Amino acid sequence: MYEWDFFLLWKYRTLFIQGIGYTLLFTAICVAGGLAVGLVAGLGRLSRHKWITLPLRAFVEVFRCTPVLVQLVWFYYALPVLTGIEMSAPVAAALCLSLYGGAFYSEIIRGGVISIDAGQTEAAQAIGMTQFQLMRRIILPQAFKRMVPPLMSQSIMQLKNTSLLSVLAVPDLLYQGQVIAHDTYRPLEVYTFIAVAYFVILLPATMWAKRIEQNSSQAKEA
């Protein structure tokens, strides 16, 4: 029988802590970047001009319909060849995951905006509000409440996607685990610890997202 030994992982605690810190930092960067991209793309897709909506729709479909692992490899190896701009692995990964998340965030934002009753738009236009004032004062505040649960869920997915960064040798939690596993020849203990670490990080976030969704549902019923 296999003899488990988790105590040997203690001397690698610094690497684990660095990996967790890098994973959380990268998640924050990619979520912030993705939300910025998603806001621009989501609102842009509401335009009546096809020369705006068609490129944005193509962007969304390309990133939604291709595996994120393939995108990461392509951004790191192929994009510099096409553009002539060299990028480090962290920069390529941050750019890729921000755009990938932005494609999903944009659909959430677009869906939240178009879910608002059209009568409110007509009333605002009747009193002379500009499109910008309409969005800022009426549409977005209401839509944001409906968008919070799916935005939270997508942000959790962004954290999970950071586990793919190891393919580019970005020192996240999984990459550090691979280094430790090769050094100790104890992959079962290492990857079990990594799974537990992700669970401990994601469980509170998942419960928080669920609570927000429940509160949103109760507010709608009230």
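Let me start with a term: two residues are in contact when they have heavy atoms within 4.5 Å of each other. With that in hand, take S106, which, leaving aside its neighbours within four places in sequence, is in contact with G38, A41, G42 and V60.

A quick word on the ground rules, everyone. What we have here is a predicted model, where local features need pLDDT of at least 70 and side-chain atom pairs count only at pLDDT 80 or more, while totals for chains, interfaces and linings use all residues. Numbering runs from 1 along each chain as its sequence is written, and side-chain values use heavy atoms, with hydrogens and water left out.

Now the overall picture. The protein chain has 9 helices and 0 strands; helices here are DSSP runs of H or I with at least four residues, strands are runs of E with at least two, and both are numbered from the N terminus. Read from the N terminus on, the elements go α-α-α-α-α-α-α-α-α. The C-alpha trace spans about 75 × 50 × 25 Å along its principal axes. Of the contacts in the chain with a separation of 6 or more, 74% are between residues 24 or more positions apart. And of the 222 residues, 39% are buried, where buried means under 20% relative accessible area, exposed means over 50%, and partly exposed is in between, with a 1.4 Å probe and protein chains only.

Back to S106, then. You will find S106 in helix α5. Is S106 buried or exposed? S106 counts as buried, because its relative accessibility is 0%. The side chain of S106 also reaches the backbone oxygen of A103 at 2.7 Å. That is a polar contact, meaning a pair of N or O atoms within 3.5 Å; within protein, one must be able to donate a hydrogen and the other to accept it, and residues adjacent in sequence count only if both atoms are side-chain atoms.

Helix α5 also holds I109. I109 has a relative accessibility of 6%, so I109 counts as buried. Not counting residues up to four places away in sequence, I109 touches G38, L39, L43 and M147. If you look at G38 on your screens, you will see a name from both lists: G38 is in contact with S106 and is touched by I109 as well. For a sense of distance, I109 and L69 are 40 residues apart in sequence and 25 Å apart in space, C-alpha to C-alpha.

The largest pocket holds about 490 Å³ of space. Grid points are joined across faces, edges and corners, and the volume is the space filled by probe spheres set on the points.

There are 17 residues lining this pocket, and the closest to its centre are L46, V113, Q131, L134 and M135. Which elements give two or more residues to the lining? They are α5 (89-114), α6 (118-126) and α7 (131-161). Helix α7 gives the most, with 7 residues. By class, the lining has 11 nonpolar, 4 polar and 2 charged residues; Ala, Val, Leu, Ile, Met, Phe, Trp, Tyr, Cys and Pro count as nonpolar, Asp, Glu, Lys and Arg as charged, and the others, Gly among them, as polar.

A169, in the loop between α7 and α8 (173-184), has a positive phi of about 65° although it is not a glycine. A169 is partly exposed, because its relative accessible area is 43%. Y185 sits in the loop between α8 and α9 (187-221), and Y185 has a positive phi of about 60°, again without being a glycine. With a relative accessible area of 69%, Y185 is exposed.

Notes: 1 Å grid on protein atoms, 1.4 Å probe; cavity = no way out; pocket = protein on both sides within 12 Å on 5 of 7 lines; lining within 4 Å.
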